[in-house]
Every structure is written in C-alpha cells, then in structure tokens.
Amino acid sequence: MRKSQYLAWTEELLESFHNDLLTADAKGWNLIMEKYARMMQSTCPERYARLESDLPPISKERLVIQEEIIGIQIQWMEEFAKAYPKMAGNARSIRTREDSEYNTSYETYLRGELGTYSEETLVLYGRFSVGLLQEGRNLAYLIMDNTARLYGYESVSDAEESL
C-alpha cells in the first residue's frame, strides 16, 4: 500500500517526506508511533488521553488545513467505493464514525498520518491534492490502481472484475 501511495506522489513531495523521515530519525522520534497514537483519539480515546501530552502539538491553523485535505480525500474515496465496491470492500471503512478499538477508518488513518508531516510536507501535500482535484483526478483511484497493478492486475477495473 505504501508503494502504491508513493508511486502517485510527485518527486518534490517524496523528497520532502524523505526529509521528514531523516529529521525524525535524527531527533529519535518515531513517526509511526506518533501516527498510531494520534489515531487513538478516535479509536481508543482513553489511551489517547494518556499519550496526548507526549505528542507534538498541532496548531488550530494546521488542523484546518489537514481537515480540508481530509475532506477532499474522503470525497475521492467515497467516489471510488461507488465505482469499485469490491475493491473498496477490501480497504478500510471510510468514515471516522465507523471507528472502534479494532477498526480504524480511512479518515482517521489519514488524520493520524497528516499529523506527522512537517509543515513543508503538509503544504506540498495540500497543493498536490488540490492540483489533482482541479485536474479532475482522484488520488484514491490512483493509489488503488497502483495497488491493483502491483498485485498483477492490468488495472483497478481488472481487479474489480476478478473479485
């Protein structure tokens, strides 16, 4: 899934995210732990409450940007799910309202992930998302098409027909 995601990204966005990983490593910070801790705000609030003070704070302005990006991507995933219900059925549930301790939605996962990006990477990711939207392209489709191809299908449509 990661490779499918990164294949859809621009070189500039990949380089910025790579710098985020190098910076986190140099600081001894575990971005995976941070991402999963942030997701617990929805999936396991009582555990999140114990971890929250250890996480880097996120400004209100940044939260607004993140939620705008998430809104775009939720729309894309819902469009994808309507067009490719079998493929979508093998992915995460879409909305945070579907979260539980044992189920993390696409929306919540994205919220956790975006919360770990540097300001530079978040801005680039936002521009990337808006650019795709303006071009009429769907990032969820691009990622799922890459996934299907990596599994040996000719396209996401081919995978959908095979399921």
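The model is predicted, and local features need pLDDT of at least 70, side-chain atom pairs count only at pLDDT 80 or more, and totals for chains, interfaces and linings use all residues. Residues are numbered from 1 along each chain as its sequence is written, and side-chain values use heavy atoms, with hydrogens and water left out.

Helix α7 spans residues 106-114 and is mostly covered, eight of its nine residues being buried; here helices (H or I, at least four residues) are DSSP runs numbered from the N terminus, as are strands (E, at least two), and buried means under 20% relative accessible area, exposed over 50% and partly exposed in between, with a 1.4 Å probe and protein chains only. The buried residues of the helix are Y106, E107, T108, Y109, L110, G112, E113 and L114, and they pack against α1 (2-8), α3 (31-43), α5 (60-83) and α8 (119-134).

Nine salt bridges are present in the structure, a salt bridge being a side-chain nitrogen of Lys or Arg within 4 Å of a carboxyl oxygen of Asp or Glu. In one of them, R2 pairs with E113, the closest N and O atoms being 2.7 Å apart, and this pair links distant parts of the chain, with R2 in helix α1 and E113 in helix α7, 111 residues apart. R2 is partly exposed at a relative accessible area of 28%, whereas E113 is buried at 5%. R2 and E113 also belong, together with K35, to a network of salt bridges.

A further salt bridge joins the side chains of E67 and R111 (2.7 Å, N to O); because E67 lies in helix α5 and R111 in helix α7, the pair ties together parts that are 44 residues apart in sequence. Both residues are partly exposed, E67 with a relative accessibility of 33% and R111 with a relative accessible area of 24%. The side chain of R111 also meets that of E107 in a salt bridge (3.0 Å, N to O), and these two residues both lie in helix α7, four residues apart, about one turn of the helix. E107 is buried, its relative accessible area being 11%.

In the loop between α7 and α8, G115 counts as buried at 9% relative accessibility. Contacts (heavy atoms within 4.5 Å) are made by G115 with E34, R38, I58, R62 and Q66, residues up to four places away in sequence not being counted. G115 and D20 are 95 residues apart in sequence and 12 Å apart in space, C-alpha to C-alpha. In helix α8, S129 is buried at 0% relative accessibility, and S129 touches I69, Q73 and W76 when residues up to four places away in sequence are left out.

On the surface, E11, E12, E15 and E120 gather in a patch of negative charge; patches are made of residues with over 30% relative accessible area and no salt bridge, like charges being joined within 9 Å and nonpolar side chains (Val, Leu, Ile, Met, Phe, Trp, Tyr) within 5 Å. Helix α2 (residues 11-27) gives the most to this patch, with three residues, and E15, which lies in that helix, is partly exposed with a relative accessible area of 46%. A nonpolar surface patch of about 340 Å² (Shrake-Rupley method, 1.4 Å probe; for residues, only the protein chains shown count as cover) is made by Y151, Y153 and L163. Y151 is placed in the loop between α9 (139-150) and α10 (156-162) and is exposed, with a relative accessible area of 67%.

How values were computed:
Lys and Arg count as positive and Asp and Glu as negative; His and the chain ends are not counted. The place of a charge is taken as NZ of Lys, CZ of Arg, CG of Asp or CD of Glu.
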